[in-house]
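Hi everyone, thanks for coming. Have a look at the structure on the screen, and I'll walk you through a few parts of it.

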Amino acid sequence: MYKLIATWSAPPAGQLDEFEQHYETVHAPAAAKVPNLRRIVLTRTADGLEGGEPGFHRVAEMLFDSPAALEESSHSAEWDAMRADAGGMIERFGVSLTVAMGWESELPAGG
């Protein structure tokens with residue numbers, strides 16, 4: 001699977017609940033409507049490694065069959081709506097969004 005990974009920085013503490021409400025009721029459902037999307041995995045981080053602060057607040061993993069499928073999706077109205085909402089969240093909450101893409105691979109555990 002070809003994966004788009006988006007990481008969000010944490011909003012200011014006073015806006016955390018408002019950010020989470022928007023993310024869960026508006027942004028994530030908009031992302032889930034993107035055509036060609038096979039699966040979406042959302043994570044809200046709580047802990048950093050060895051008791052440190054997490055490097056990001058939210059992670060979204062959007063899985064597609066191929067780069068071509070993701071590219072096709074990026075020309076859809078649903079994609080445009082998701083991107084517009086992300087831009088609004090960046091402005092409204094002062095967060096940053098970092099995105100990268102690549103092929104997913106899997107290894108057996110314990111080996």
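So, which residue in E3 does tyrosine 2 stand opposite? Tyrosine 2 stands opposite phenylalanine 64.

Quick housekeeping. This is a predicted model, where local features need pLDDT of at least 70 and side-chain atom pairs count only at pLDDT 80 or more, while totals for chains, interfaces and linings use all residues. Residues are numbered from 1 along each chain as its sequence is written, and side-chain values use heavy atoms, leaving out hydrogens and water.

Some words you'll hear: helices (H or I, at least four residues) and strands (E, at least two) are DSSP runs, numbered from the N terminus. Two strands pair if DSSP finds at least two bridges between them.

Now the sheet. Four strands make an open sheet in the order E2-E3-E1-E4, with antiparallel pairing. E2 (39–44) and E4 (97–103) are at the edges with a single partner strand each, so one side of each has no neighbour in the sheet. Strand E1, residues 2–8, pairs with strand E3, residues 58–64, over seven bridges in the antiparallel sense.

Let's stop at leucine 4, which sits in strand E1. Leucine 4 is buried, with a relative accessible area of 6%. Buried means under 20%, exposed over 50%, and partly exposed in between, using a 1.4 Å probe and protein chains only. Not counting residues up to four places away in sequence, leucine 4 touches several residues, including Met62, Leu70 and Trp79; contact means heavy atoms within 4.5 Å.

Glutamate 53 is exposed, with a relative accessible area of 75%.

On to the helices. H1 (residues 16–32) lies across E1, E2 and E3, and H3 (residues 77–93) lies across E1, E3 and E4. How do we describe a pair like that? Two packed helices are described by the angle between their axes and the distance between the axes. Here the axes of H1 and H3 come within 9 Å and cross at roughly 165 degrees. That makes H1 roughly antiparallel to H3, a label for angles over 145 degrees. Axes are lines fitted to C-alpha atoms, for helices over the stretch in contact, and angles run from 0 to 180 degrees between N-to-C directions.

And who meets whom? Among them, Phe19, Tyr23 and Val26 are on the H1 side, with Met82, Ala86 and Met89 on the H3 side.

Notes
Parallel < 35°, antiparallel > 145°, perpendicular 65-115°, else oblique.
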